[in-house]
Amino acid sequence: MRKKVTVVGAGAVGSTSAHWLASKELADIVLVDVVQGLPQGVALDLASAAPVEDFDLKIVGTNNYEDTADSDVILITAGVPRRKDPVTGKFPSRDELVKINQDVVGPITEQLVKHSPNSIIIVVTNPLDAMCHVVKHISGFPRERVIGQAGALDTARYKTFIAMELGVSVEDVHAIVLGGHGDEMVPLPRHTSVSGIPIRELMPEDKLQAIIERTRKGGGEIVGLMGRSAYYAPASASVAMIESILKDKKRVIASAVYLQGEYGYNDLFIGVPCVLGSTGLEKVIVMDLNDEEKAMLDVSARAVRSVVDVLGYAKPA
Ligand code: APR
């Protein structure tokens, strides 16, 4: 039987994700959004590209969660993105978004779980780590089936900046970024290489640190340029995770998952290397971090915890 992927939110990230899901012919797609007509329009537009692009799958746009029934994977992108307030001209911080998007993501999760109780949910809505907590809390799903997309995007940005600086192919840059999806994320230079050559042999420390800083502020740089948050790279990172799950590829992708003792953290979603396969999170890989790296991860974990605390959920016993 063909696989089914539901994308919640037919905005920029949702529709771009649907585009790449379709072009890779990964699954039938259901796009759902609260706005009447929007998901239907996006679905019709995308479906009309099929004869040209040569993909063959069912694409449905809907405002009705019954149409999402029996999805294998669900991507939640619905929410309010970081966007300049037209009245005040100010950008909300990630933290300010937490309550607004909790009230969006919570009720959506209830609907999704009712119709697809065995699905694997990938969360994209920001503040990412906190929204993962919302989905896990409301769904009651085991941790294997609630996964946040963050590290895949942050790692992609880090690799891109390195390739740009060195003038080499991005294909040959290998790296990983751990931690929360915020300014305290943890790019790991000790685990960064170009075709196996350690990054510190290729680049002076000041350049490397500038790239790390740029990676940490990567989302904000795009918001500053466009006046709204990014969508191409967030969508492609999400689709890479979905592909690994649907094809049981068992790719190792930094993802926000609910830690239960790994890296010394409990009951906290944070970005760590994960094996993603047909059952969702198949394994958390525990790296041997040095003291400096662990200290940075601690800072990131504290930042995540402070946002998660805004949700007001009681800590698990
Ligand atoms: N139910 C369904 N859809 C909703 C709901 C809801 N309750 N509330 C909002 N949406 C939809 C909006 O109608 C909109 O189409 O979510 C979509 C969000 O799209 P955009 O505003 O274009 O935002 P986008 O750029 O796609 O970002 C979505 O991903 O990367 C993160 O920070 C980003 O949290 C943001 C999310």
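The axes of helix α4 (residues 97–115) and helix α5 (residues 128–139) cross at roughly 35° and come within 9 Å of each other. This is a predicted model.

**Helix α4 with helix α5**

- In this pair, α4 passes α5 in a right-handed crossing.
- On the α4 side, the contact is made by V98, N101, Q102, V105, G106, T109, E110 and V113.
- On the α5 side, the contributing residues are A130, M131, V134, V135, I138 and S139.
- By class, the residues of this contact of α4 with α5 comprise eight nonpolar, five polar and one charged.

**Helix α6 with helix α9**

- Two packed helices are described by the angle between their axes and the distance between the axes.
- For helix α6 (residues 151–166) and helix α9 (residues 232–246), the packing angle is about 120° and the axes are 8 Å apart.
- Angles of 65 to 115 degrees count as roughly perpendicular and those over 145 as roughly antiparallel; α6 and α9 are therefore oblique to each other.
- The crossing of α6 past α9 is right-handed.
- A152, L153 and R157 of α6 make the contact with A233, P234, A237 and M241 of α9.
- The residues of the contact of α6 with α9 divide into six nonpolar and one charged, with no polar residue.

**Ligand site**

- There are 20 residues around the ligand, and those that come nearest are A12, V13, D33, N126 and R228.
- A polar backbone atom of V13 is 2.7 Å from an oxygen atom of the ligand.
- For G11, a polar backbone atom lies 3.4 Å from a ligand oxygen atom.
- R228 takes part through its side chain, where an N or O atom is 2.3 Å from an oxygen atom of the ligand.

**Backbone features**

- Most residues other than glycine have a negative phi, and most peptide bonds are trans.
- The peptide bond from N126 to P127 is cis, and its omega is near 0°.
- P127 sits in the loop between β5 (120–123) and α5, while N126 is among the residues that come nearest to the ligand.
- D70 is not a glycine, yet its phi is positive, at about 65°.
- The loop between β3 (59–62) and β4 (73–76) holds D70.

Technical notes
Residues are numbered from 1 along each chain as its sequence is written. This is a predicted model: local features need pLDDT of at least 70, side-chain atom pairs count only at pLDDT 80 or more; totals for chains, interfaces and linings use all residues. Side-chain values use heavy atoms; hydrogens and water are left out. Axes are lines fitted to C-alpha atoms, for helices over the stretch in contact, and angles run from 0 to 180 degrees between N-to-C directions. Helices (H or I, at least four residues) and strands (E, at least two) are DSSP runs, numbered from the N terminus. Angles under 35 degrees count as roughly parallel, over 145 as roughly antiparallel, 65 to 115 as roughly perpendicular and the rest as oblique. A crossing is left-handed if the near helix is turned anticlockwise from the far one by less than a right angle, and right-handed if clockwise. Contact means heavy atoms within 4.5 Å. Ala, Val, Leu, Ile, Met, Phe, Trp, Tyr, Cys and Pro count as nonpolar, Asp, Glu, Lys and Arg as charged, and the others, Gly among them, as polar. A residue is near a molecule or strand if one of its heavy atoms lies within 4 Å of it. A polar contact is a pair of N or O atoms within 3.5 Å; within protein, one must be able to donate a hydrogen and the other to accept it, and residues adjacent in sequence count only if both atoms are side-chain atoms.
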